Amino acid sequence: MMISQQRLNGVEIFTIENKHLKISLSPTLGGKIISVYNNKLAKEFLWTNQQLALKINPPGSDYDSNFFGGIDELIPNDVPENIDAIDYPDHGELWCTILQAEQLEQSIKVHGTLALSGIHYSKTVSLDEKLPVINCDYTLRNDSSERRHFLWKLHAALNITSGDQLVTSANNGQVIDPDYSRFKTTGEFNWPLIENADASNVPPNNNTMDFFYLYNIPSAEMQMVSGKKEHLFSYRYDKKVFPYQWYFASYGGFLGHYTAILEPCTNMPMNVNAAIAANQCAVLEPGESLTTAVQIFAGEKQLY
């Protein structure tokens, strides 16, 4: 196991490497994982926007025009919204928060308190020695004096090719926004069949998009399989923490990007206040903590 540190355009980057994987993450970008590279396959699993330089974005920045890719996490919201009498910015606080970092013997820990919500975020990242697996151990703690309703969403932007397939045990799906979808059906459907098409299959770069809620999920996994090479990117997590999955994919239709984003999420729907009303929202009482673990597999499917 090797751990190194560098700065690029003022962005602090830690790299962790073993015989299986080489990953890079930045505490100055809210703990974003910038790269997941499989050494044996000589494959980069994460998509990044080659038209943007890696840089620190000030709090309140617009997300879409600064969409660099990699693995972000959204806390405590997605769309700009007033929650618990606090106005939160686009895609939440975490992605624009500069976190502190600690280099441990076999891992990197990033942590810090979000300025508006008062939620303290901590993530410790390490690599498995036997398999191409990233272990992420989390604690969220409400350091404010008030109840905090929030959304927490994992957000991995992946390199894709036509014929790749989203694999999930979700029974149901729903188009989140027809303006961001190649499908116009607005009601619930039996995943993955919608409008006589299998929505799990990645099409060519055809200037379209997908944007789904996925739910009623027996197995807490969300995967992208390369149809030609049998490579696998997989999230494995606690279903009690992330009972829903969101899936956004741009097949050229969003700013010309060709990427799919896997998004296990605490909430449904997107609007946190609507999720509160539906009793489908994460919440922390003052002083309360949430501790959980997420595993990311990035390698040959046969090893999974």
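**Notebook: strand β11 and the cores**

I looked up valine 125 and found its bridge partner in β12, cysteine 136. The model is predicted: local features need pLDDT of at least 70, side-chain atom pairs count only at pLDDT 80 or more, and totals for chains, interfaces and linings use all residues. Residues are numbered from 1 along each chain as its sequence is written, and side-chain values use heavy atoms, with hydrogens and water left out.

I checked the pairing next. β11 runs antiparallel to β12 (residues 133-142) over nine bridges. Strands here are DSSP runs of E, at least two residues, numbered from the N terminus; two strands pair if DSSP finds at least two bridges between them.

I then traced the sheet. It is open, with eight antiparallel strands in the order β9-β10-β11-β12-β26-β22-β21-β15. β9 (100-103) and β15 (165-167) each have a single partner strand, so one side of each lacks a neighbour in the sheet.

I turned to serine 126. It sits in β11 (residues 119-127). Beyond four places in sequence, serine 126 touches Gln106, Ser107, Val133, Ile134 and Asn135; contact means heavy atoms within 4.5 Å.

Last, the cores. A nonpolar core is a set of buried Ala, Val, Leu, Ile, Met, Phe, Trp, Tyr and Cys residues joined through side-chain atoms within 4.5 Å. The largest has 63 residues; Trp152, Phe212, Phe233, Tyr235 and Tyr247 touch the most other members. Another core, of 27 residues, lies apart from it and includes Trp47 and Ile261.

Note on methods: Helix = DSSP H or I, 4+ residues; strand = E, 2+ residues; numbered from the N terminus. Buried < 20%, exposed > 50% of the residue type's maximum accessible area, 1.4 Å probe, protein only.
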